[in-house]
Amino acid sequence: MVLQGRQIAPVVRPLRTLIRPSVVAIALMLASIALRLPAVLGYHGPPEPHPFNVREMGIPGAYSDIAHLYFRDQLWRHPLPYFDFRFEYPVLTGVFVWIASFAHASVAQYLVVSGLLLAVCGWLTVRLIARFEGANQWLFATAPALAFYSALNWDLLGLCLLVGALLLFERRRDVAGGAVLALGASAKLFPIVVLPIVVALRVADRRWRSAVWTAAAFAAVTLAVNAPFAIDTARWAVRSSWLYFFDLTNQRPPRATIWKPLLGHGADAVATPVLLVGLALIVALAVHSRRRPGGSLLPASAAALLWVFAAAKVYSPQYALWIFALLAIDGVPVAWVIALAGIDVLIFVTTFGPLYPGVQAFHPVQWVAYGLRQVLTGALVVWIAHRRLDAAGFARAVVERVRAYMGLVRRPAAAIVGLTLLAALLRFATLAVKGFWGDEISTVLLVHRPFDQMLAGIARLESTPPLYYAVAWLWTKVFGTSEAGLRSLSALAGTATVPIVYLAARELLTRRAALIAAALIAVNPLLIWYSQEGRAYALLILLTAAGLLWFARALRSGDDRALAYWAVASSLAFATHYFAAFLIVPEAAILLRARGARRRVVAALAGAVAAGAALLPLAVHQASFGHAAWIGHSSLLGRIGELPGQFAFGFEAQPPVLLGVAGALFLTGGAWLLVRRAGGPDRRGGARFAVVALVAIGLPIALSLAGFDYFNARNSIAVVVPMTIAVAAGYAVWRGSSRAVALGGVTAASLLAVALTVSQPKFHSEDWRDAAQDLGPTPWPRAVVTTPGQAGRKPLEYYLDASLPPVRASLRVREVDLVALPRQGHSRVGRPALARLLHLRLSEFRVLARHVEHGLAVVRYVASRVVDVYPAKLNLRVGRNAATVVAWPRTASEERDDEARNGAL
């Protein structure tokens, strides 16, 4: 029997209706809600996040941030985010959560209502995608991610607004597009990367008014949405609860990306520059290819957002919703989508599905899935750049522009600006990668005191003058005492040193030699190291470089003002570190010998001497405590032999012997060229800088032989500046490829040394921040015994918010933790000490956990009740070099901070 057309129509029409993209998408999003129902419908436990989270993760696929935060933030009370509690999402998501929490009779009701509202956003997203020319809405409507993640988090809200904004921009309704884009960025931050693309395209087309109004609409809507939540009108200050999102985003450790196993805490040093450079390149590609058929807005926006997911240090599984929507808008080949869908299924089953809970064997599979997802997302960006944005043509245009530009540049201003920017990137990009080490903790504790108490502490606890601490005290009142906040002062000083060195060298040397000196200073690993440390050395280097500048100018021009500035800079340098005197002495001697008006030189020198005399009683008082006596315990010949390698390649570079020889050869080669080949101003000026460097090294060595032994590379670090200028004067003699090979090799080795050591702990062993994070929070009082005690006590007090107990008093604790790190300069805990710690038994305590990894060992003991322990006895049990601190349970807000840092965005 053959059915006629009229008989088939009643059957086909409903099928066509059922298989429409929007209907399929709704079915998948309803399935996402149903996937979570077993966890919320059958839960009768306490209204607390932890027990509910255990239940969620115990049911494959049932976990949801929406349900989890219902208990964590007590949404059944219908609180207002940012006013009644801190919330780690942007404002519009907080408003969505508040609206959904009107349905708060149960967690099931709240989840269903939230899921249905998000399903409306997903349905609208599908309908909007269909309106783009060349888009394939099926790629999003059939994505498994809709079933996996639409009820996991609130991403569909921001995604819907982003797609709407792109559609408005495509139709040249820029003001409305800017407003909707602002709403999207206020729901989820990702859409903000589209704004520079739109503005750049409008500016490139000379549509100035459109560019201004787009940016203005974005700014106005962002301000209107955020201001009521951000501004506390009672105090007219920014609410910390509103800043909470930005703080957590900045502090979150690497998660679900290949950066975590590869770089650990060093992920910021690589991921952030890679992300920013990639986004800037995509904006440039968009401008270059804007005349291509179909324009470049959509492919560039898709590439930018995909690059965020490929390069960022943190990835959450629900971001797949954004990826599939972008692929649908751009209409990429189906094969790409199928590959990503397969990887997404693997991510889901190893993160929330049956392969995850408690099955350690599947963790490698999970990491493979995350890595494949990241690599494939990056490959998609490359494909879009090549096929949609004419990356090859852009590269050819850039090469031609560079050739033309290099032919036109005659002044060094552009080169100095570039070198300064490079120095800033190398110093600022990785400020927070490493935790504080012991000496930096001393700085932190000092600047936390009132100013007068800080000065008293410097006299008793430090071996350097007070200028740096005074500046840091003011600096941290603005930028805080986090790793980045404190160290940014040194990073700024280190960056400013580069142009100062160029100006100082240019006074007595040729332009070529001065540029070489500035370049070597910009990439010097030792100077980068101390530009990322909360101590006085970077400020010392800047001030001694300024002193060299005015010394050279006074020597060349006889300017009396230059003499006065030299005296001021020298006095400030001496007020920063006592070893500045060893540079002031040869500079004064050269000025006295070369200048005709010696009275004025003597007058200027008298000012510097007076400043030094004023600090002499402080220096004697500090020396009486013997804080720097440890320097004399090592071989003086060994310290002298280490200088070339450390001055050229820093402390951390490996292998030290090979790099020490290479550094010695580089310095010797520059000196030989200066003596035998240089002529004119490079020979005369380079010789004067060399004399300053040699005398500044020789004087403290002579004092060491006389019994005042404080000489090492750290104290003599300011010598690097005149030494580098002298060496640059020698290498400036070479022409062509010989100079390029020598300087290029040193630069490459320096950058490699910086890159390889960027995530290493200070001195291979100062990883107390990781040790504190490994301990985590505790629900009861605990004693933490650290070894080596003299290095670890203060850092653990800081990172655990612990305190030093009286040695003879007893402590009532329920947990004892042993933390062992290597001795300074070593990369491993000694095997005998490690074996003793791992087998140590404490009466009334049982071993809760052991964690041993490269350079770190943690053993946790717990008792069934509160026990009296004595710090002195604990220290003796652990070893001679041990110290005990006591830590208390974290507050509810502190636990919420930790949970949010490790949660999904």
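Trainee: In this predicted model, which residues touch the most other members of the largest nonpolar core?

Mentor: Phe647, Ile717 and Val819 do, within a core that counts 126 residues, and the helix that gives the most to this core is H28 (residues 537-557), with 12 residues.

Trainee: What does Phe647 touch, leaving aside residues up to four places away in sequence?

Mentor: Phe647 touches Asn524, Leu526, Ile697, Ala713, Ser716, Ile717, Val719, Val720 and Met723. There is also a second, separate core of 123 residues, which includes Phe96, Leu161, Ala328 and Ile329.

Trainee: Why is Serine 490 called buried?

Mentor: Its relative accessible area is 1%, and buried means under 20%, so Serine 490 is counted as buried. Serine 490 lies in helix H25 (residues 483-508), and, not counting residues up to four places away in sequence, Serine 490 touches Tyr468, Tyr530, Ser531, Glu533, Gly534, Arg535 and Ala538.

Trainee: What makes H3 roughly antiparallel to H4?

Mentor: Helix H3 (residues 49-58) and helix H4 (residues 65-72) pack at an angle of about 160 degrees, with their axes 8 Å apart; because angles over 145 degrees count as roughly antiparallel, H3 is described in that way relative to H4. The crossing of the two helices, H3 and H4, is right-handed.

Trainee: Which residues make the contact of H3 with H4, and how are they divided by class?

Mentor: From H3 come Pro49, Phe52, Asn53 and Glu56, and from H4 come Ala67, His68, Phe71 and Arg72; by class, the contact has four nonpolar, two polar and two charged residues.

Conventions: Residues are numbered from 1 along each chain as its sequence is written. This is a predicted model: local features need pLDDT of at least 70, side-chain atom pairs count only at pLDDT 80 or more; totals for chains, interfaces and linings use all residues. Side-chain values use heavy atoms; hydrogens and water are left out. Axes are lines fitted to C-alpha atoms, for helices over the stretch in contact, and angles run from 0 to 180 degrees between N-to-C directions. Helices (H or I, at least four residues) and strands (E, at least two) are DSSP runs, numbered from the N terminus. Angles under 35 degrees count as roughly parallel, over 145 as roughly antiparallel, 65 to 115 as roughly perpendicular and the rest as oblique. A crossing is left-handed if the near helix is turned anticlockwise from the far one by less than a right angle, and right-handed if clockwise. Contact means heavy atoms within 4.5 Å. Ala, Val, Leu, Ile, Met, Phe, Trp, Tyr, Cys and Pro count as nonpolar, Asp, Glu, Lys and Arg as charged, and the others, Gly among them, as polar. A nonpolar core is a set of buried Ala, Val, Leu, Ile, Met, Phe, Trp, Tyr and Cys residues joined through side-chain atoms within 4.5 Å. Buried means under 20% relative accessible area, exposed over 50%, partly exposed in between (1.4 Å probe, protein chains only).
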